[in-house]
Amino acid sequence: MRGASWYRELYEHSLDGVLLTTPDGGVTAANPAMCRMLGYTEEELCRLGRAGLVDMTDPRAHAAIEERRRTGRLQAELVMLAKDGRRVPVEVSSRVFHDDDGRERTSMFVRDISERVRRDEERVHLLELTMSAREAAERASERNAELYARARHATELRDEILGIVSHDLRNPVAAISTALERLEEDGGLSPEARRRLFRIMRDSIEWMKRMIQDLLDAASIDAGRLSIEPGPEDLAFVLRTAYALHEPSFADADVALALDVPEQLPRVEVDGERMLQAIGNLLSNAVKFTPRGGHVVLGASTRESEIVVTVQDDGPGIPAEDLPHVFDRFWHTRRSSRTRGTGLGLGIAKAIVEAHGGRIEVESTLGRGSCFSFSVPVAEARRAPAGRVAEPASA
């Protein structure tokens, strides 16, 4: 049998710490490895006891003590407290035994696992870094893909604008060129013929100016800088002005334009020129698609705390599958029209209305015409609560 000296040699020279303790947490002996691990002398370790050496705030400590009490042994990872304030992660193996006098004692074999914990933490940190790098790469990829899509969209938009400009400017430029040639080549033109040629040139110039303004407004909307300067306005006056401005073009197209607006409407806080532009875009759209002999009604009514403006035509109507797209930029319906527009007018009208806190919509039935309508809040509805300053809606 192995003698006491053998066990003493093993105890003294073990690389792992050894503690002999009592069930109530007292320390009766500690080997040199245990002293080196925590920086205490054996006497200090005995004086401190388990409560001074083990981090009892760690829930694993109480679970381990309960397990040893219940089964007579334990194996667990705990945290011990060194003299210099270090927290030392350890692996503890312990069992209950009885000494030569029959007293219950416990042995604790303690192994410092700081290096292993450090490596585990490094692996976790490396894994976190890897995951973060992967997520960053994925975000970057999604961002590169987003930028590519935006660049592609910008290129398509540029090509579409160039196509519109090259196609739509050709007609008014050709009309002006032809009129000038007639004026230069034929000095015997009658006054009526000369007035007609001058009118063609003026109309062509106006068309080019409108197209350029539409493109500028579309760019402003994209940049979120659509200029809106609201103020108190009489919307009935704005509607009558729109009627007066557009009635001649309706007459030229042989389309009857009627005005159905009350003498007075509640005051609104709007940009009068922008409202005139939005109404004008709706009227221009209506005259394009209403056949000769047709009718268009520009109307307005009050509904609760808003004013509703309508442009009703008796044209061919819009197919149901096209209705969700009528306010899309550069979208052209399959309906036939007497003139080709930029495809921007309805989208600009929508942006103007929404910038005023209103909404725009369209209802249509094939063969029975279309009704475009938009609403704007009356001045009282737009008024901010007491103590706050009302700000105009932005595009």
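How much space lies in the largest cavity? About 90 Å³. The model is a predicted one, and the count of cavities of 30 Å³ or more comes to one.

**The chain overall**

The chain has 395 residues, and 38% of them count as buried. Its secondary structure comprises 11 helices and 12 strands. Take the contacts between residues at least 6 apart in sequence: 59% of these join residues at least 24 apart.

**The cavity**

The lining of the largest cavity is made by Arg 50, Val 54, Met 56, Ala 61, Ala 64, Ile 65, Arg 68, Leu 74, Leu 78, Val 92 and Met 108. Two elements, α4 (59-71) and β3 (73-81), each give two or more residues to this lining. Helix α4 gives the most, with four residues. By class, the lining holds nine nonpolar residues and two charged ones, with no polar residue. Arg 50 and Arg 68 are among the lining residues.

**Helices α9 and α10**

A packed pair of helices is described by the angle between the axes and by the distance between them. Here the pair is α9 with α10. The table gives the range of each helix and its residues in the contact.

| Helix | Residue range | Residues in the contact |
|---|---|---|
| α9 | residues 272-289 | Arg 274, Met 275, Gln 277, Ala 278, Asn 281, Leu 282, Asn 285 |
| α10 | residues 345-355 | Gly 345, Leu 346, Ile 348, Ala 349, Ile 352 |

The two axes come within 9 Å. They cross at roughly 145°. The crossing is left-handed. On the α9 side, Met 275, Ala 278 and Leu 282 are among the residues that meet α10. On the α10 side, the residues that meet α9 include Leu 346, Ile 348 and Ile 352. By class, the contact of α9 with α10 has seven nonpolar, four polar and one charged residues.

**His 246**

Is His 246 buried or exposed? His 246 has 18% relative accessibility, and the cut-off for buried is under 20%. His 246 therefore counts as buried. This residue lies in helix α8, which spans residues 235-252. Leaving aside residues up to four places away in sequence, His 246 touches Leu 257, Gly 280, Leu 283 and Ser 284. Of these partners, Gly 280, Leu 283 and Ser 284 fall in the range of α9, residues 272-289.

Conventions: Residues numbered from 1 in each chain as written. Predicted model: local features only at pLDDT ≥ 70, side-chain atom pairs only at ≥ 80, totals over all residues. Heavy atoms only, no water. Axes fitted to C-alpha atoms, helices over the stretch in contact; angles between N-to-C directions. Left-handed = near helix turned anticlockwise from the far one by under 90°. Contact = heavy atoms within 4.5 Å. Nonpolar A, V, L, I, M, F, W, Y, C, P; charged D, E, K, R; others polar. Buried < 20%, exposed > 50% of the residue type's maximum accessible area, 1.4 Å probe, protein only. 1 Å grid on protein atoms, 1.4 Å probe; cavity = no way out; pocket = protein on both sides within 12 Å on 5 of 7 lines; lining within 4 Å. Points joined across faces, edges and corners; volume = space filled by probe spheres on them.
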